[in-house]
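Have a look at the structure first, then read on.

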Amino acid sequence: MRAFRQAGEKQLPNPILYMAWSPKRDLIALANTSGELLLHRLSNFHRVWSLPPNENTGKEITALAWRPDGKIIAFSLNAGDTKKVVLCDAEKAEILHVFKVMIPGPVSCMHWMEVLDENSGLTSFYESEDESNRFLPKLPSLPKSYSTTTKIFSEEKSDEATNLLGDVRLNILVVGGQCGFIELYAYGLYNIATVNKVEGTCRSLCLSSDLKSLSVITEVRSANDDPEIHYVQLDTGLLSSNLAEVTKMARKFTHISTLLQYLQMSLTCMCEAWEDILLQMDLRLTTFVQEKNTSTQVQDEFLELLLWGHASPELQALLMNQLTVKGLKMLGQSIESSYSGIQKLVISHLQSGSEALLYHLSEVKGMALWKQKYQALGLDLAIIEDAIAVVGSFTLKASELLQVIDKSMKNFKAFFRWLYVAMLRMSDDHVPPELNKMTHKDLAFVADFLAEHFSANEELFDRKGKYFNVERVGQYLKDEEDNLVSPLNTEGNQWVKFVKESTHLKDSPLLFPTYPQKSLHFVRRIMVAVINLCLQQPSVTIGKSVSEALRLPLYTVPESSENTPRLFEMPALWNASKASMHYVVFCMPEIAPSKIYLLRRSTDPSRAVPNGLIAIDLSRPLNTSIDDEDAVAEIPGNGTFRCLDARLYDAETLTVVLQSQEEERVLAQLPLGNALRTEEDFTWDNSLRLDQQNESIPSQGLVWENQWRQLDSMKAQFVAVNGVRKVSCVLSSNLRHVRVFEMDVEDEEEDDEERQEQSLDITPDQDALEEALSSGGGPREAAAGASMEAQEGGEGEGDEEEEQPAEGSSTDVLEQTSGSDTL
């Protein structure tokens, strides 16, 4: 009986740079050198979906992390000067959210954790979280015609923000990069802390589940300019001691962030509804003025047509040859349709979104007034009040746009009706009786419309390059600094008059400020700037509270690892939630190639850990608990190994890829129980690196038992594990060959041999293929007589089989991965 059951194997066309198991499902996410994100399931390593790079994401994925509930995958992109983090739906391969990070240089590592601490304050908050749903209506979904890569709110659901937020329990995405910059994002959306006090480039991160500390592996330059690996523990006690308050604030601010994007996308929908056809009247009248020979004003030309029914040859040519009766009718229908669409979006989206924004900001204001609880988190009452005021201004500007739309629709209907009848008469067509009647009131209305919209304005022409501004809605949707060309006339508004004449109300803080000369887009930009300032203040305050509690120089970076992808390179970090411990696993191949080092630190920086550092000696024969010579003989290389990669499987088990002296590779589970309970301790000398005091580190040998498996026909190099799902994935040194295993299931030799005979993924000479691929050679050169079909079996008919689920729902594919579990 062999340990572990092989569940799948594959040769991949592109080298893999990052791999991470889902915390909830038997799914593994892979990122390759072409910028493609792949999701595979454990069973036969079949592909569920792939997300190719595009212009909105980029081609260089630099880090990867799963949300703790397994529903969203986060990956970072290096797109030139812009560094972005993308949140992708694990079920549909749909990009849900993209945000920029302020880290200099590319993102080098990410970690997504969930808070597991419970207290009475959080319990009451969990129970009251849905109170906002009792007061606020659900936000309507965006129109189906609206298409964008970044979609916070899908067409099917109006509460996508809740899906992005996940469970009420706080989860934090930690992003690290160069120059020691670290950013913490609550729910993967809201930047709750920015830390820039860490020296060096972050190589891996691990935030403890109790929020007491953050472990960081950094690479720094020594005085001799040699790269050194340091372990740093940051004290994040402010987050831990104010967990309930942090959760409430983060929840509210995340709602506010998603609402801002909802309003932005609603405005984009409005701009799409406002078509260029609405400007046709302006452009044609401008051409008419520039080309006509007479000095008569256009207003006079139309008034003469209105009063006497006669049109000049130039005006008649404009109406009959350029506009035409059919074109005028289509223009009128287009304007009415566009105006109706914009009006609905303002009422259903902008106003409802603004009301929800005011509600959440008002609750944040209440938090800021509770200084005993929230002052330490950096809530600034004055900035929050400014944010509330500017949201009110945005709401007023949206109401102003509604007035302009309503007036414009009435004006255009009356004008087009009169002009349509006039053109029918010019063409001697039949005029319907219902359109032939026009009262003196109708005449006065059209005359006022002509006087207001068709007056030539030299100042207007000098600035905009045209004479007329018949269409007045579009000016509100333009993202420009200039004032409105035709602002709303408020001379007859009694309320405006009353406020201007009132000494007390004119400068009252109770009234929202107005921007009568500015567009809706302009006011939105002011609103976003003020709210972002409100959101950033806690991030700065919490970031300043984070301090460096411990720094341990470990070892210098070996030259052999310079070209190794950083994700695969140790040290590996792991957090034991129940024990409140940070684990660090690393090797020092140039100092002690046959040893694995395990460093343990309490999540509470003030608490010491006995036996905090041990060395696992692989040079001693690893055998069973009794002197079984046969068992020792079965072990390749007679138990002398060096460690290629190691990951914590759980608190007392280490998963390792080992290499014997005969270059044979072994996947093994090493039990750490006895080693962790040893009483021998290590005394640190802070003036030296750890590799300079290696001889004094306590060393332990481990009992191997039967938890190992020889990896035949594979130059295994790296491993990714998930102890909760009890699975592992082994990757070869050329980063193309993968094998996946179920770790707690024994595999019968007969079944294993039968599977190897039937597999099309493995070539007869696997070592030759891997060497050829890693050196740039093609599969034909490596096969040396093997058929191309056998070499590409994993990417031939195997791919056809994987593509089949894409024709249906990806949910069906995911349901096959782990029984009754749901994603």
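A20 has A29 in strand 3 as its bridge partner. That bridge belongs to a predicted model, in which local features need pLDDT of at least 70, side-chain atom pairs count only at pLDDT 80 or more, and totals for chains, interfaces and linings use all residues. Residues are numbered from 1 along each chain as its sequence is written, and side-chain values use heavy atoms, with hydrogens and water left out.

Strand 2 and strand 3 (residues 27–32) are joined by five bridges in the antiparallel sense; two strands pair if DSSP finds at least two bridges between them. Strands here are DSSP runs (E, at least two residues), as are helices (H or I, at least four), and both are numbered from the N terminus.

Zoom out a bit and you get an open sheet of four strands, in the order 2-3-4-5, with antiparallel pairing. Strand 2 (16–21) and strand 5 (47–51) sit at the edges with a single partner strand each, so one side of each has no neighbour in the sheet. On average, neighbouring strands of this sheet are turned by 15° against each other, direction ignored. For such angles, axes are lines fitted to C-alpha atoms (for helices, over the stretch in contact), and the angles run from 0 to 180 degrees between N-to-C directions.

## Another sheet, with a helix across it

I172 stands opposite A186 in strand 12.

## Two helices side by side

How far apart are the axes of helix 11 and helix 16? Helix 11 (residues 381–426) and helix 16 (residues 520–545) pack with their axes 9 Å apart, at an angle of about 160°. That makes the two helices roughly antiparallel, a label for angles over 145 degrees.

Among the residues that meet here are F394 and L401 in helix 11, and M527 and L533 in helix 16; contact means heavy atoms within 4.5 Å.

Key
Angles under 35 degrees count as roughly parallel, over 145 as roughly antiparallel, 65 to 115 as roughly perpendicular and the rest as oblique.
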